[in-house]
Amino acid sequence: MKNIENKVVIITGASSGIGEETARLLALNGAKVVLSARREDRLRDLVRQIGEDRAAYCVSDVSEPDDMKKLVRTAKERFGRVDVLFANAGIMPAGNMSELKTDDWKRMIDINICGVLNSMAAVLPEFIAQKQGHIIVTSSCAGLRSVPGNAVYCGTKHFVKAMLDSFRMEAIGEGSNIRTTTIYPGAVKTELLNTVAPSPAKTAVEEFSEKNAILPEDIAGAVLYAVSQNDNVDVSEVVVKSIREA
Ligand SMILES: NC(=O)c1ccc[n+]([C@@H]2O[C@H](COP(=O)([O-])OP(=O)(O)OC[C@H]3O[C@@H](n4cnc5c(N)ncnc54)[C@H](OP(=O)(O)O)[C@@H]3O)[C@@H](O)[C@H]2O)c1
């Protein structure tokens, strides 16, 4: 596969779902992957499966800026540099605004918004210094079109689109050669709803997902496509969803 061999790719949210399958696929195609999440047992197993010559992990919480700096240090110590950040960690505790689950609102802002910013802040000095890099962020189709039952989540995913659109223009203006890709998955069969308390909003998402979900490896394929393009090619936005999802 062109332009991916030995690239060092940091992946947040790598302990399950989209992040895990992306780690497998990129490593299979020659990348070196540095995995971030909170569940160490999952990360350790995945590194063992991929192979320690191609994978390393750093137990880290995206909402902690120091953890993201530690993650970048791990990548540099283990593989010498960072070429790509896949900022993918996220949560979706579904619920109507009227339920006033304000703790969930805050957690989504901390992880889905601040988590992306913290990881970008940690890699940007590297990318600016080497005049090269690639930032890929997982938004959602909910970042393009809002839906009921998930208002704050939709807001966080719209933030990702807006922020990366502006950053893309800044990077062009500054001539930093930093590529940016926003990925918009539709429903994907992952663990995203596993820890969410039962609610009518959760049931609605589960029913939708049951009918429409594609697989995490389908999103991994889009990340591989974006990473492996020639350096002068920016795959700016990719929407990936089931042929049944409107
Ligand atoms: N599944 C879908 O239908 C769908 C659709 C559109 C967009 N997305 C987006 O896709 C991304 C990946 O989600 P997924 O569907 O693959 O779900 P998932 O299987 O639940 O994966 C979420 C990942 O995020 C990590 N994570 C959560 N909070 C974290 C924190 N504070 N610090 C570090 N890592 C954290 C989790 O690891 P730990 O718990 O081990 O920390 C896990 O690895 C999310 O941004 C999600 O919003 C998903």
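Modeller: Let us begin with strand 5 (residues 133-138), which is mostly covered, with six of its six residues buried. Keep in mind that this is a predicted model.

Biologist: What makes a residue in strand 5 buried?

Modeller: The cut-off is 20 or more other C-beta atoms within 10 Å of the residue's own. Six of the six residues in strand 5 count as buried, so each of them reaches that cut-off.

Biologist: Which residues of strand 5 point one way, and which the other?

Modeller: G133, I135 and V137 point one way, while H134, I136 and T138 point the other way, and all are buried. In a regular strand, side chains alternate between the two faces of the sheet.

Biologist: How do you know that strand 4 and strand 5 pair?

Modeller: Pairing needs at least two bridges. Strand 4 (residues 84-87) is joined to strand 5 by four bridges, so the two count as paired. They run parallel, and V84 stands opposite H134 in strand 5.

Biologist: What joins strand 5 to strand 6?

Modeller: Six bridges join strand 5 to strand 6 (residues 178-185), and these strands run parallel. At least two bridges are needed, so this is a pair as well. G133 stands opposite I178 in strand 6.

Biologist: Why is the unit of strand 4, helix 4 and strand 5 called right-handed?

Modeller: Look with the strands pointing away from you: the label requires a clockwise path from the first strand over the helix to the second. Strand 4, helix 4 (residues 102-130) and strand 5 make a right-handed β-α-β unit, so their path runs clockwise in that view. The chain then crosses from strand 5 through helix 5 (residues 151-174) to strand 6, and this β-α-β crossover is also right-handed.

Biologist: Why is helix 1 called largely enclosed?

Modeller: Nine of its 12 residues are buried, so helix 1 is largely enclosed by the rest of the structure. Among the buried ones are G17, I18, E20 and L26.

Biologist: What span is expected for helix 1, and what does the model give?

Modeller: At 1.5 Å a residue, 16 Å is expected for the 12 residues of helix 1. The model gives 17 Å from the first C-alpha to the last, which is close to that value. Just after helix 1, G30 takes a positive phi of about 105°.

Biologist: What does helix 1 give to the shell around the ligand?

Modeller: Helix 1 (residues 17-28) gives the most, with three residues. Of the 30 residues around the ligand, G13, G17, R38, G90 and T190 come nearest. By class, this shell has 13 nonpolar, 12 polar and five charged residues.

Biologist: Why is R42 called partly exposed?

Modeller: R42, found in helix 2 (residues 40-50), has 16 other C-beta atoms within 10 Å. Exposed means 12 or fewer and buried means 20 or more, so R42 falls in between. R78 in helix 3 (residues 65-79) has 15 C-beta neighbours inside 10 Å, so R78 is partly exposed too.

Biologist: How many helices and strands does the protein chain have, and why is the chain called compact?

Modeller: The protein chain has seven helices and seven strands. Its radius of gyration is 17 Å, close to the 18 Å that the globule rule gives for 246 residues, so the chain is as compact as a globular protein of that length.

Methods:
Residues are numbered from 1 along each chain as its sequence is written. This is a predicted model: local features need pLDDT of at least 70, side-chain atom pairs count only at pLDDT 80 or more; totals for chains, interfaces and linings use all residues. A residue is near a molecule or strand if its C-beta atom, placed from the backbone, lies within 6 Å of it. Ala, Val, Leu, Ile, Met, Phe, Trp, Tyr, Cys and Pro count as nonpolar, Asp, Glu, Lys and Arg as charged, and the others, Gly among them, as polar. The expected span of a helix is 1.5 Å times one less than its number of residues. The radius of gyration is taken over C-alpha atoms; the globule rule is 2.2 Å times the number of residues to the power 0.38.
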